[in-house]
Amino acid sequence: ATAPATAQSAVPGVTASVPSSQPASQGTINPPSTPPVPVTVASASTPRTPPTVDASALPHSSDPIGDFARAGAGGPDPFIYFVQAGAYRTPEDAEAQRAKLSLMGVEARVTEREQAGRTVYRVRAGPFNLKDEADHLKDRLDGGGLETALVRVQR
């Protein structure tokens, strides 16, 4: 008896046995004794869907509107940030607060704003392009005993 001939299949790396009683040119292949295992082949042209993220697994944000705006814009933060260390009725009180910040190594400015028919003198540090930078300064000043507020302004 002769050894069975092998024929190349259309799938690379797979050969099929052809019985010796039949010529190889006929291409008759005996069925395998075990069922085939399905194989999934990913091609470079197969589009991949991005993984979904469970929103409940994400950390809680202190600025959900800003997070939403940044996510929708796909670009730089649409806001600039200031750390406000007070709003005063007199320019002298505002200057005293600015001087206190200066002694702490923080450069701040006093700005005037008309509010409800009165002039208010605001003491602010900034502007900051990144919210994290403003948050860092706010935490530092709050830790130093000052009451501060984070102010977000549309660019």
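Contact here means heavy atoms within 4.5 Å. Hold on to that, and take Leu-137. Leaving aside its neighbours within four places in sequence, Leu-137 is in contact with Val-83, Val-106, Ala-125 and Phe-128. We will come back to several of those names. One caution before going on: this is a predicted model.

Let me start with the overview. The chain has 3 helices and 6 strands. Read from the N terminus, the order of elements is β-β-α-β-α-β-β-α-β. There are 155 residues, and 22% of them count as buried. The accessible surface is about 11700 Å². Carbon and sulfur atoms hold 56% of that surface. Now contacts along the chain. Take those with a separation of 6 or more: 57% of them come from residues 24 or more positions apart.

In what order do the 4 strands of the open sheet stand? The order is 4-5-3-6, and the pairing is antiparallel. Strand 4, residues 108-115, and strand 6, residues 149-154, are at the edges. Each has a single partner strand, so one side of each is left without a neighbour in the sheet. From one strand to the next, the twist averages 45°.

Walk across the sheet with me. Strand 4 pairs with strand 5 over 8 bridges, in the antiparallel sense. Within that pairing, Ala-108 has Ala-125 of strand 5 as its bridge partner. Gln-115 stands opposite Arg-118, also of strand 5. Then comes strand 3 against strand 5: antiparallel, with 6 bridges. Gln-84 has Arg-124 in strand 5 as its bridge partner. Finally, strand 3, residues 79-88, runs antiparallel to strand 6, and 6 bridges join them. There, Val-83 stands opposite Leu-150 of strand 6.

Strand 5 deserves a stop. It covers residues 118-128. Of its 11 residues, 8 are buried, so strand 5 is largely enclosed by the rest of the structure.

Two backbone details sit in this region. For background, most residues other than glycine have a negative phi, and most peptide bonds are trans. Where does this model depart from that? One place is the peptide bond between Gly-126 and Pro-127, which is cis, with omega about 10°. Pro-127 lies in strand 5. The other is Ala-116, where phi is near 55°, a positive value in a residue other than glycine. Ala-116 belongs to the loop between strand 4 and strand 5. Those two strands form a hairpin with 2 residues between them, and Ala-116 is in the turn. Is Ala-116 buried or exposed? The relative accessibility is 84%, so Ala-116 counts as exposed; the cut-off for exposed is over 50%.

Now the helix on the sheet. Helix 3 lies across strand 3, strand 5 and strand 6. Its angle to strand 3 is about 25°.

What packs there? The largest nonpolar core has 16 residues. The members that touch the most other members are Val-83, Leu-101, Val-106, Val-123, Phe-128, Leu-137 and Leu-141. Which elements give two or more residues to this core? They are strand 3, helix 2 (91-103), strand 5 and helix 3. In general, nonpolar side chains tend to be buried together in soluble globular proteins. And here is Leu-137 again, touching Val-83, Val-106 and Phe-128 among others.

Why does Lys-138 count as buried? The relative accessibility is 19%, and buried means under 20%. So Lys-138 falls on the buried side of that cut-off. The side chain of Lys-138 makes a polar contact of 2.8 Å with the side chain of Asp-142. Set aside residues up to four places away in sequence, and Lys-138 touches Val-83, Thr-148, Ala-149 and Leu-150. Remember that Val-83 and Leu-150 stand opposite each other, across strand 3 and strand 6.

The cis bond at Gly-126 and Pro-127. The positive phi at Ala-116. And Lys-138, buried at 19%, with Asp-142 as its polar partner.

Conventions: Residues are numbered from 1 along each chain as its sequence is written. This is a predicted model: local features need pLDDT of at least 70, side-chain atom pairs count only at pLDDT 80 or more; totals for chains, interfaces and linings use all residues. Side-chain values use heavy atoms; hydrogens and water are left out. Buried means under 20% relative accessible area, exposed over 50%, partly exposed in between (1.4 Å probe, protein chains only). A polar contact is a pair of N or O atoms within 3.5 Å; within protein, one must be able to donate a hydrogen and the other to accept it, and residues adjacent in sequence count only if both atoms are side-chain atoms. Two strands pair if DSSP finds at least two bridges between them. Axes are lines fitted to C-alpha atoms, for helices over the stretch in contact, and angles run from 0 to 180 degrees between N-to-C directions. A nonpolar core is a set of buried Ala, Val, Leu, Ile, Met, Phe, Trp, Tyr and Cys residues joined through side-chain atoms within 4.5 Å. Accessible areas come from the Shrake-Rupley method with a 1.4 Å probe; for residues, only the protein chains shown count as cover.
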